[in-house]
Amino acid sequence: MTESLLGRTRLSLWELLIGSIGGASAWLLHLGASYLLLTIGCNENWPGVRLMLIALTIGLVAVGLWTGLFAYRRIESTETDADWAITLSSGLSRENFMMVVGTVSSAVFTIIILAQGVPPLFLPLCSEV
Amino acid sequence: MNAPEMIGVDNLIEKVPEERSREFERIWSQPTGFIGFFHTIDNIPIGVRYMATAFLLFVVGGFLALLMRLQLATPERQILGAETFNQLFTMHGTTMMFLFVIPFIEAVATYMLPLILGTRDLPFPRLTAFSYWAYTFGVLFIFSSFLFGVAPDGGWFAYPPLTLKEHSPGLNLDFWDIGLSVAEIAALGAAAEIIISILRMRAPGMSLHRIPIFAWAMLITAVMIIFAFTPLIVGTFFLELDRKGVTHFFDPQAGGKPLLWQHIFWVFGHPEVYIMFLPAAGIISTVIPVFSRRPLVSYALVVLSLLAIGFLSFGLWVHHMYSTGLPATALGFFAAASMMIAVPNGVQFFSWLATIWTGNPQWRTSMLFAIGFLFNFLLGGLTGVMVGAVPFDWQVHDSYFVVAHFHYVLIGGVVFPFFAGLYYWLPKITGRLMSERLGKWNFWLMFVFFNVAFFPMHISGLLGMPRRIYTYAPGLGWDVYNLISTIGAWGFGFAVLLGVINLLWTLKRGPAAGHDPWGADSLEWSHASPPPNAQFKYLPHVHARHPMWEQESLEPQDEKIARILEPVQAGPTTWRGGLVVSVMDAKPIAVVHMPNRSIFPFVLSVAFALIFAGLLVETAWLLVPGVIVGGVGVAGWFRPTKTEDNALAEMQCERTDRQLFLAVYGPASNGWWGTWVFITIWTTALFTTIAAYFYLGGGAPEMPPPVPNTLFGILALATAVLSVPAIRLFSRDIAGTAAGVRWTGLGLTALLNIAVILLTVLSLTQSSVTTQTAGGSIVVFLTGWQWLTSGIVLAMLIAAALWAWFRPADPRGWSVALNTSLVAYFAVANWLITFVILYLSPALWG
């Protein structure tokens, strides 16, 4: 927590980064690692590529959930005085704004990781189509 | 929501003494006359030129399309031959994708962002001018190919092996390759400007959650440009080197892989679609709330959507390659991501609908274009989800269905928002209101004829009509759809012409617009229309997301902040000063000196044009003058100026939290941030090359790629690591470091970088590596990348040495030294990574 001219900032830069783009980064890692693992594994005839892909998905779904929870826990409750006042700047502080974005973003990207985890369960791994 | 009383910045200016106000305007005045035209570097005149040039390219690109549609109107027409048709579709795609949309949006950002953010200019005005001139020369370069009858003809995607010298022996593709590189360098420059502008040069108080959506969209777009355009530049280097016969990246007979180009191209190409779409979405998120008279529903989720689209767009490139023969599971990964990108797009869509639904919509022309966008983009998005499904894509791949899909996305999803933005912001730019009556005709004709032109292409595509054919036989069921498309295309062209007529009428006869004709919410509307070159003489203070709606005044509400900002209110007056704020909270930190005029951006872009023309025709008669002119340009650009001296005399450079200081060096300065953007671009290029190394090696006969001489490689690594303490010596604080120590650091770093270059050269020459194979080509390219990196370090060291020699105690010299040190450290890391890849990784290949 640091002081600034325009008010107190309660979250560190790392907290803000993990909270806001942690889920998206987990997805990028999942896509890159899955594609690399599949390409190299198929070229080199590695055993257990399917299991490794499933493990990767489980691991990064866990990361996505954790970053979502991480961001969610850092949202402070704020009161709003009108139905749509939440859309006005008075509704959210800058840090709450980033953590709300982070929470929803982690949820979306965790779902995408899950969706990308499905093909290795059903499709032939290495045969080109 | 009803807009409150006008709270523009002009009434704040009255608080400034008249003499100071005049001095401020003088220092921010533009150079005039013919010579002054080339000296201008300010965002407003450069933004106007940029927009005008890009819009002209839109008209030119559109005209090429109309010619193609004439050819395709009926079967077996012979208006254009096959070769001309190839040139037209190549130049139509190239013009629209590279020379219109991206430059146009960067032009809008160049003009509007400082106004929207409440700052006086972009952080590097000379770079703004350079970007514009480089872009213009790139355009002239590519289009000059028509004069010689060798216009590019390999498609805007330039797939090898068709585009290799063997199959395209003329200069056509060289014009494309080289001209595009110049335009892409311009785009990278503009992206750096946009990023640093939005992160560091906002109005005080405009914290992250108060940034206007358009600025958010531009920030994410600019970051995407850095990561997407850099691989393309690397790819075009590969292609040009192959065409010159130097390397063999894509030549299958030498172990090269044509599909490598497709990977590199689409790693750029798919994000490119969103690079074009996100600013358009930003415009829509700006226009709809203003004309619905209420804030955007769910600002936070719209920002999230922009961020999510930015990330996801880099994970979709393979959906352009479904039919190239990849493992089914790999296709599954990319199909999943392709489907899921509909989610954040949907969030934005529902936000726009909810804003209109719960607002009080006013159907001005700008709003009509926004509504037209919603309809057209929905269709383009739905067909996008369809082609994201692998089996469906296989059926319609390379057919007119895909042409219909991407025109719904690019015209429906990008050009319609651009027109919405034009009608919205032109009154600010010209000071005159456009004709609503002509505007509505403009909209309805564009909307109707757009659908007449492109909807039938879905059907002709489903009936099997392939893309890029210059004619077709009768009786295939395509005739009527093609005729309708041609009628629609010409009608659309007429509708665009109506928009141009409206623009010209406005410039001549349009009624005065006033400050804020729409009762809008963001800071650009607090200024006069058109805004003066000395914009934001009195810097506004923001404490709401919609300052023009929510704030009663743009003055600082806090006395402490008012006191801190005092030196920059209508000041400084002997040099141009811009306020730098903290990234998160927009807390005022420092003042940066901004140059006021310079011919050198123009000179440097001339040098680029000469060098690239020299590369095209392979003559030293252009290359050598280009290098000399470039040297003059760089020297002139970085020479100390009188206004910098004024700034140093007036303000202290030491960092303090009590008052504003002059940010000359270190993290508070824009140069330091610019250096990091450069390093990011360089790192992206390095990793693109490394990915190409592994791709070329995978499954190739020459697997792993050849290893250069290990002894010299290790010696080069040891030398690079040894330079670390030397770098530390010359980048020490000038106040507490003896000159001898700094000179020792500079000298040692230079010597060690020269040694690294020599040792890596020896490592190659003392091995069997040759560029006659694909594996050898990538090894030499990666090593050459180190030479280039070390070469840049040497050039920067010369600059730092000149400062140390002529002005040893000048903080600007320390700034150069600090920025040089960042690049020098990066050069060490560059060789460390390259060493691991080239010398160690082959052991893991088995």
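Buried means under 20% relative accessible area, exposed means over 50%, and partly exposed lies in between, using a 1.4 Å probe and protein chains only. By that rule B:Leu802, at 46% relative accessibility, counts as partly exposed.

This is a predicted model, in which local features need pLDDT of at least 70, side-chain atom pairs count only at pLDDT 80 or more, and totals for chains, interfaces and linings use all residues. Residues are numbered from 1 along each chain as its sequence is written, chains are lettered from A and ligands numbered from 1 in the order in which they are written, and side-chain values use heavy atoms, with hydrogens and water left out.

Stay with B:Leu802. This residue is found in helix H26 of chain B. Helices (H or I, at least four residues) and strands (E, at least two) are DSSP runs, numbered from the N terminus.

Now the charged pairs. A salt bridge is a side-chain nitrogen of Lys or Arg within 4 Å of a carboxyl oxygen of Asp or Glu. The whole structure holds 19 of them over all chains. One joins B:Lys537 and B:Glu25, at 2.5 Å from N to O. B:Lys537 sits in the loop between helix H17 (479–509) and helix H18 (547–550) of chain B, and B:Glu25 in helix H2 (residues 18–27) of chain B, so the pair ties together parts that are 512 residues apart in sequence. B:Lys537 is buried, with a relative accessible area of 5%. B:Glu25 is partly exposed at 41% relative accessibility.

A second pair is B:Arg467 and B:Asp398, whose closest N and O atoms are 3.9 Å apart. B:Arg467 lies in the loop between helix H16 (436–462) and H17 of chain B, and B:Asp398 in the loop between helix H14 (390–396) and helix H15 (400–430) of chain B, so parts that are 69 residues apart in sequence are tied together. B:Arg467 counts as buried at 18% relative accessibility. B:Asp398 is partly exposed, with a relative accessible area of 34%. The backbone of B:Asp398 also stands out: phi is positive, about 60°, although the residue is not a glycine.

Within it, the side chains of B:Arg812 and B:Asp810 meet at 2.7 Å, N to O. Both of these residues are buried.

Return to the loop between H17 and H18 of chain B. B:Phe536 lies there. B:Phe536 has a positive phi of about 50° although it is not a glycine. B:Phe536 is buried, with a relative accessible area of 0%. The loop also holds B:Pro530, and a cis peptide bond joins B:Ser529 to B:Pro530, with omega about -5°. Another cis peptide bond joins B:Pro160 and B:Pro161, with omega about 10°. B:Pro161 lies in the loop between helix H6 (125–147) and helix H7 (172–200) of chain B.

B:Thr119 lies between helix H5 (82–117) and H6 of chain B, and counts as buried at 3% relative accessibility. Contact means heavy atoms within 4.5 Å. Leaving aside neighbours within four places in sequence, B:Thr119 is in contact with B:Pro114, B:Met201, B:Gln535 and B:Phe536.

Finally, the interface. What do chain A and chain B bury between them? They bury about 4,100 Å², 77% of it on carbon and sulfur atoms. Buried area is the accessible area (1.4 Å probe) that two parts lose on being put together, summed over both. The contact takes 45 residues from chain A and 57 residues from chain B. Across the interface the rule finds 0 salt bridges. There are 2 residue pairs in polar contact, both at pLDDT 80 or more. A polar contact is a pair of N or O atoms within 3.5 Å; within protein, one must be able to donate a hydrogen and the other to accept it, and residues adjacent in sequence count only if both atoms are side-chain atoms.
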